[in-house]
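Thanks for coming, everyone. Please open the sequence and the structure on your screens. I will walk through a few places in turn.

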Amino acid sequence: MHKPKKIAIGLQGGGSHGAFSWGVLDALLADDRIDIVGLSGTSAGGMNAAATLQGFNKGGREGARAELRRFWEMVHKTTAESAMRPTPFKSMMGSHSLRGSPVYAWMNMMRDFYSPYELNPLDINPLKTLVHDFFDLDILHKRSKMKVFLCATQVRTGKLHIFKGKELTESALLASACLPSLFRAVEVDGEFYWDGGYVGNPAIYPLIYNCPTRDIAIIQITQAHRELIPNTADAIADRHQEITYNACLMHEIRAIYFISKMVEKGIVNDKSIKILNLHVIRDREFFEELDLSTAMNTDWNFLLQLFEAGKRSGEKWLEDHYDDIGVRSSAQIEEDFI
C-alpha cells in the first residue's frame, strides 16, 4: 500500500461561501490517499482551517469531517433568527440573493454613512459567540502534524500577519474575519487587525516554508474570472470586490511562477528553493450564478448546496488530478494568473 500523498491547502475567505470549501475538505479528508499537512486560511477560510485542526486533533480524519459539519451547523443556528433573508419572491424563484431584502439594503446604506464604532457602540458581534462556543483552545493547541495559519491585516501598518500555533486564539480567529465596515478592529497583543483578505486571501508562503510538501492546493471561492461585464451598480461593486480579494493571491502565484521558471532555466541556481506543484479547486459555473450578497445568506439549505458543490468539486479534482500530486502542477498558471 502506498503512503498517502502530502498536500497543503490554502482557503479563501468569503462568508457563507466558505461552506463550499467545507465540501472540498470533506472530500479530501474522506480519501485516505491524501494527507493534509497544512492549512492557510483567511476569514471563513481561517474558520474552516481551525475547525479542521480541532476535529483532526480530536478524532483524525473522521473527527475533522464531523467538526466541520458541526461548525457550519452552528453558523446557521447562530444566525437563524436574523431578518436578513431573500425576499419571498426570490425564495419562490429559487434565488439565494439578498438583493431586494429591506434589511440588507438598510445595512448597506447605514455602513456608507456610519462606522461600526458609531452604529454599533456596544460592539455586538455574533461571531464572538460562535467562536467562543465552538472552539476549544486546549484542543487547537495540541501538538499536531497538521499546521494551521490564520491570515489577518494589521491596521496600523497594512502588513499581513500570520497567527499560528498557540497564537490561535479567539481574538486571532475574530481578527482574521473582521470586516471593517461591519465590526471594530480586533485587538491582539496591543495591535489591531482587520480581515486578512485585503493582503492575503489566502497567504501561500506559510505553507511553503512550514509544510513538508511541494504540493499546494488553493480552494478558490472568490471568482477570478467572469464572462459577463457588469453594468449595474451592484454588479460593478461585486466585481470590484472580487478583483480586490483575488489580487494578493494572484501576485503571490505570479512571483512563485517567475522564480520557478528562473530555476528551471538555470538562471537561478539555489537548491534551497522549493519548486511547487500548484493546484486550484473551484467551480466557476456554480459561482457564476451567485452575487456577493449570497455570502451573507446562512440558510441551511443554501449552505448544504454550497457543501455539495464543494464536495463534487473535490471528488472531481481527485479523480482528474490525483496522479499529478507530487509530480506536476495541475493549475493552469499562465491562463489563470499571469
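One thing before we start. This is a predicted model.

Let's begin with helix α2. Find residues 44–78. That is 35 residues. How far apart are the end C-alpha atoms of α2? They are only 15 Å apart. A straight helix would reach 51 Å, at 1.5 Å a residue. So where is α2 kinked? Look at G59. The kink is centred there, and the angle is about 140 degrees.

Next, the strands. Go to β3, residues 147–154. Is β3 largely enclosed or open? Count its buried residues: 7 of the 8. That is why we call β3 largely enclosed by the rest of the structure.

What pairs with β3? Start with β2, residues 34–42. The two strands run parallel, with 5 bridges between them. To see one of these contacts, find G38. Its bridge partner in β3 is K147.

Now take β4, residues 160–164. This strand runs antiparallel to β3, and 5 bridges join the pair. Strands β3 and β4 form a hairpin, with 5 residues between them. Within that hairpin, stop at G158. Its phi is positive, near 80 degrees.

There is another partner, β6, at residues 191–195. Here the pairing with β3 is antiparallel again, over 3 bridges.

On to charges. Side chains of opposite charge can pair when their charged atoms come close. How many salt bridges does the structure hold? The count is 19. Let's visit some of them.

Take R33 and D31. Their side chains meet in a salt bridge at 2.8 Å, N to O. Which of the two is buried? D31 counts as buried, because its relative accessibility is 15% and the cut-off is under 20%. R33 comes out at 33%, so it counts as partly exposed.

Now R226 and E288. They form a salt bridge as well, with the closest N and O atoms 4.0 Å apart. This pair links distant parts of the chain, 62 residues apart. R226 is in the loop between β7 and α10, while E288 is in helix α11. R226 is partly exposed, at 22% relative accessible area. E288 is partly exposed too, at 25%.

Next come D336 and R282. Their salt bridge is 2.4 Å, N to O. Again the pair links distant parts of the chain, this time 54 residues apart. You will find D336 in helix α13, and R282 in the loop between β8 and α11. D336 has 6% relative accessibility, so it counts as buried. R282 sits at 24%, so it counts as partly exposed.

Some salt bridges share partners. In that way D26, E62, R65 and K311 are joined into one network. Select those four and take a look.

Let's turn to the surface. Pick F113, Y114 and L119. Together they form a nonpolar patch there, with about 340 Å² of accessible area. L119 belongs to helix α5, residues 116–119. Its relative accessible area is 39%, so L119 is partly exposed.

R214 is in the loop between α9 and β7. At 43% relative accessibility, R214 is partly exposed. Now find K274, 60 residues away in sequence. How far apart are R214 and K274 in space? The distance is 6.9 Å, C-alpha to C-alpha.

Then T129, in helix α6, residues 126–134. T129 is partly exposed, at 44% relative accessibility. From T129 to S21 is 108 residues along the chain. Their C-alpha atoms are separated by 22 Å.

α2 has its kink at G59. β3 is largely enclosed, with 7 of its 8 residues buried. And D26, E62, R65 and K311 form one salt-bridge network. Thank you.

Key. Residues are numbered from 1 along each chain as its sequence is written. This is a predicted model: local features need pLDDT of at least 70, side-chain atom pairs count only at pLDDT 80 or more; totals for chains, interfaces and linings use all residues. Side-chain values use heavy atoms; hydrogens and water are left out. Patches are made of residues with over 30% relative accessible area and no salt bridge: like charges are joined within 9 Å, nonpolar side chains (Val, Leu, Ile, Met, Phe, Trp, Tyr) within 5 Å. Accessible areas come from the Shrake-Rupley method with a 1.4 Å probe; for residues, only the protein chains shown count as cover. Helices (H or I, at least four residues) and strands (E, at least two) are DSSP runs, numbered from the N terminus. Buried means under 20% relative accessible area, exposed over 50%, partly exposed in between (1.4 Å probe, protein chains only). The expected span of a helix is 1.5 Å times one less than its number of residues. The bend at a residue is the angle between axes fitted to the seven residues ending there and the seven starting there. Two strands pair if DSSP finds at least two bridges between them.
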